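Morning, everyone. I'll go through a few helices and then some ring contacts. Please have the sequence and the model open.

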Amino acid sequence: MIKANEITSVVKGKILSSGSDILIDNLLIDSRKIAHPSTSLFIPIVTNRRNAHQFIEALYENGVRCFLVSENIDLIPIPQAWVIHVENTLLALQQLAAWHRNQFQLPVIGITGSNGKTIVKEWLYQLLESDYKIVRSPKSFNSQIGVPLSVWAIKPEHTLALFEAGISQSGEMDHLEKIIKPQIGIFTNIGETHNEGFLNMRHKINEKLNLFKNTSTLIYCKDYHELHECILQFATQLKSNAEKDIQLLSWCRKGEADLNILSIDKQLQSTRILANYVGEEISIEIPLTDDAYIEDSIHCWLSMLFLKIPQEIIAQRMLKLQHIAMRLELMTGIHNCTIINDSYNSDVSSFNIALDFLSQQNQHESKTVILSDILQSGRDNELYDEVAALLKQKKIKRLIGIGDSIYRNKSVFRQNRKLNSTFYKTTEEFLDTLDTTSFENESILIKGARKYAFEKIAKRLQERIHQTVLEINLNALVQNLKVYQGLLKKPCKVMAMVKAFSYGSGSFEVANKLSFEGIDYLAVAYTDEGIQLRKNGIQLPIMVMNADDNTFDMLIEWKLEPEIYNMRTLRKMLQAVQDADKVNYPIHIKVDTGMHRLGFEEKDIDELLAILLLQKELKVASVFSHLSGSEETELDEFTRHQAKQFNHISDQLQKGLGYEFMKHLCNSSGIVRHPELHFDMVRLGLGLYGFDSSENISHQLRNVSRMKTVISQIKHVPITETIGYNRKGILQRDTKIGTVCVGYADGIPRNMGNGKGYMLVNNQAAAIIGNVCMDMCMLDITDIENVHEGDTVIVFGEEQPVTKLAAWAETIPYEILTGISQRVKRVYYEE
């Protein structure tokens, strides 16, 4: 905590106005996530696309009374607020966190590396929580903003801190080191992630090592040769430049190290690891078999040995290691409910994050939380007061509490008369009395520690559709949006295309996330798509590109904005607006500049203007056209011709109408290849989902969708037999066949059969044998080891891009994505 009047000296700021004494306990950077306004300091972050200073007045109205600013703002609307001016608000946030860190002398473990940071942090928390009172980074809070917010959570009762740090360019780690100040360091590994921000691999390693320049002990794996060399050089330089010795603790699978791995024995569902440590053979067993998890567990093992946790206790706890679900999952529930599944841990920080995600769901007014005990020992009263306050602030209507601790504290929640609360001592007790009909038309957050097995609750409340799943990574979607936004100059707007079920990804869920991220406009193909978004609470302007004139009355009722492309649709829309007694209703004029699909041509402009000028019911919101080949270099001359034609027609319209309107021409490829044609707004479609047809920025985009299914049955078929319909699957040998639950009714093109396409089983290619059936495919898994019925099969995803399927099917990615059947269950998640 810090007094408002003490902040100035910490951030080297200047007081512009002062209010009554305030004790600041919370740092707020997102105006949408107010939990404790009276004790919060709002720090508006300024980026290329957004300036958070614009939200100060609204926050003041909601009770916030302390602000850091880096711009001149109007103080009249916030008369009783503390306003402190600084040069850079991000730097001020980091300075406050560094000051806060200096108030505590507890041991701090700093974790960096390319992969595994969050897993190692979460596992160390699981393994050490009975020995220490631990504060740790929530989720993957390891950025220039995430680290300060994590460190601010240190309280006097904490006896150990676990913080992760990630960087994407040179110089960033110096800032994070001043905030974290770790005494113990863990460098998990080094890989290709974020290479674009560094000169080469050694440059990236050396930048990450800056986290440990004041660390006494560094733990790492010697098997990464380049990492090992850089660490040795780093230690030598520290000794010569700063006269500081750093203890290097290493492990490796071959060669000499402090922890020599002698063998790794994978069983069906567990792995036994034998090692030599200070001349003694020791071992652990973990209930996991993935190579990355094995590596992460050894980092934790060596860290615990360094902390002098007895080996026998380490071995006992390793047996109980739990898989870390690194994401919140959003899925369809029974009775028109939406399920948010976060059933892997339960602490106040992660609960707050999950509540924020729940609050973003606008499709249901009613919101329910199913919550287990908060596993932070010794803080029952304080913890549940805080949880109750969060539920009240987020206007949660129903709480179902499960566990002895939350049961004991049920009176805290019953003080809120607007909260319907029920409590159970165990998950089994709740499931035994569960009446699924009591859940209807609501958003349900399932949030619990792993020991409570809340996945059983999620399974009961989840709509049963299909074993084939399309996973949509909302973090990747947002990152792709930011990549494209980074190519635009202010004040150019972005219209996101969410037609065709958002290219198969799910219209509402994608639209809701984009709305939360500040997108300007949405576009759908048909009126009913727009109505569905409105019914689910989407308030953004929505352009309907192919509105049937028979639906114009519904379009007006739901405040949707039509594309008008000829005289017939113009007159029909004018009549509909007159019947609805509206004026200045927004429309979007489509002009044909060479695509020759829809749109007014130059010869139509005089008649168009004549109609528009004689009425007051319609107002042109935008004029736009379509580029025919924005991604193709050989068509650049035609693109320039289209742009010239577009400018000519839109200038005629603007001069004739006498008022300004938005102009937009670029699609995803046009945004990348033709920055001179961005005009007032751009239309972002397939690029949002990680596809760059121009191939100029593919390396910056992330895959958004992952389709997976399961093996239903395994058969051993002799060479004399055939596979599938019409005996098309001709065998060349005795073959092991895995039948999977996906077919052409789910969106798998039929011409991927007979060996043309494949899916991934255990990350290995398994060719499709025979014809693709309506509901199934048969895969050749003869050469793939350790395959069992029920195993996951990847149809497409990051490991196998959808562009491969498109090539096999001789089509385009659009067709594959939009062809995925509605019966395929969509699961949305945030990491």
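Helices here are DSSP runs of H or I with at least four residues, strands are runs of E with at least two, and both are numbered from the N terminus. Before going on, this is a predicted model, so local features need pLDDT of at least 70 and side-chain atom pairs count only at pLDDT 80 or more, while totals for chains, interfaces and linings use all residues. Residues are numbered from 1 along each chain as its sequence is written, and side-chain values use heavy atoms, with hydrogens and water left out.

Back to α6. Which of its residues are buried? They are Glu 172, Met 173, Leu 176, Glu 177, Ile 179 and Ile 180. Buried means under 20% relative accessible area, exposed means over 50%, and partly exposed is in between, with a 1.4 Å probe and protein chains only. Down the axis of α6, the buried residues fall within an arc of 165 degrees, so they line one face of the helix. The arc is taken from the directions from the helix axis to the C-beta atoms. As a reminder, an α-helix has 3.6 residues a turn, so residues three or four places apart point the same way. The buried residues of α6 pack against α3 (89–101), β8, α5 (146–151), β10 (160–164) and α7; contact here means heavy atoms within 4.5 Å.

That brings us to α7, residues 201–209, where 7 of the 9 residues are buried. Among them are Met 201, Ile 205 and Leu 209, but also His 203 and Glu 207. Their cover includes α6 (172–180), along with β8 (108–112), β11 (184–187), β12 (217–221) and α8 (225–242). At the start of α7, a side-chain oxygen of Asn 200 comes within 3.2 Å of the backbone nitrogen of Arg 202.

Next, α24, residues 636–657. This helix has 22 residues and spans 31 Å from first C-alpha to last, close to the 32 Å expected at 1.5 Å a residue; the expected span is 1.5 Å times one less than the number of residues. Its buried residues include Asp 636, Phe 646, Ile 649 and Leu 653. Just after α24, Gly 658 has a positive phi of about 85 degrees.

Now the rings. How many aromatic pairs are there? The count is 9, where rings of Phe, Tyr and Trp (its six-membered ring) pair if their centres lie within 6.5 Å, and planes under 30 degrees apart are stacked, over 60 edge-to-face and the rest tilted. Trp 123 and Tyr 293 make a tilted pair, 5.4 Å centre to centre with 45 degrees between the planes. Trp 123 is in α4 (117–128) and Tyr 293 in α9 (291–306), so the pair ties together parts 170 residues apart in sequence. Trp 123 is buried at 0% relative accessible area, and Tyr 293 counts as buried at 15%.

Last, two charges over rings, meaning NZ of Lys or CZ of Arg within 6 Å of the ring centre and within 35 degrees of the ring normal. Arg 398 lies over Phe 439 at 4.3 Å from the ring centre, and Lys 619 over Tyr 659 at 5.2 Å.

Note on methods
A polar contact is a pair of N or O atoms within 3.5 Å; within protein, one must be able to donate a hydrogen and the other to accept it, and residues adjacent in sequence count only if both atoms are side-chain atoms.
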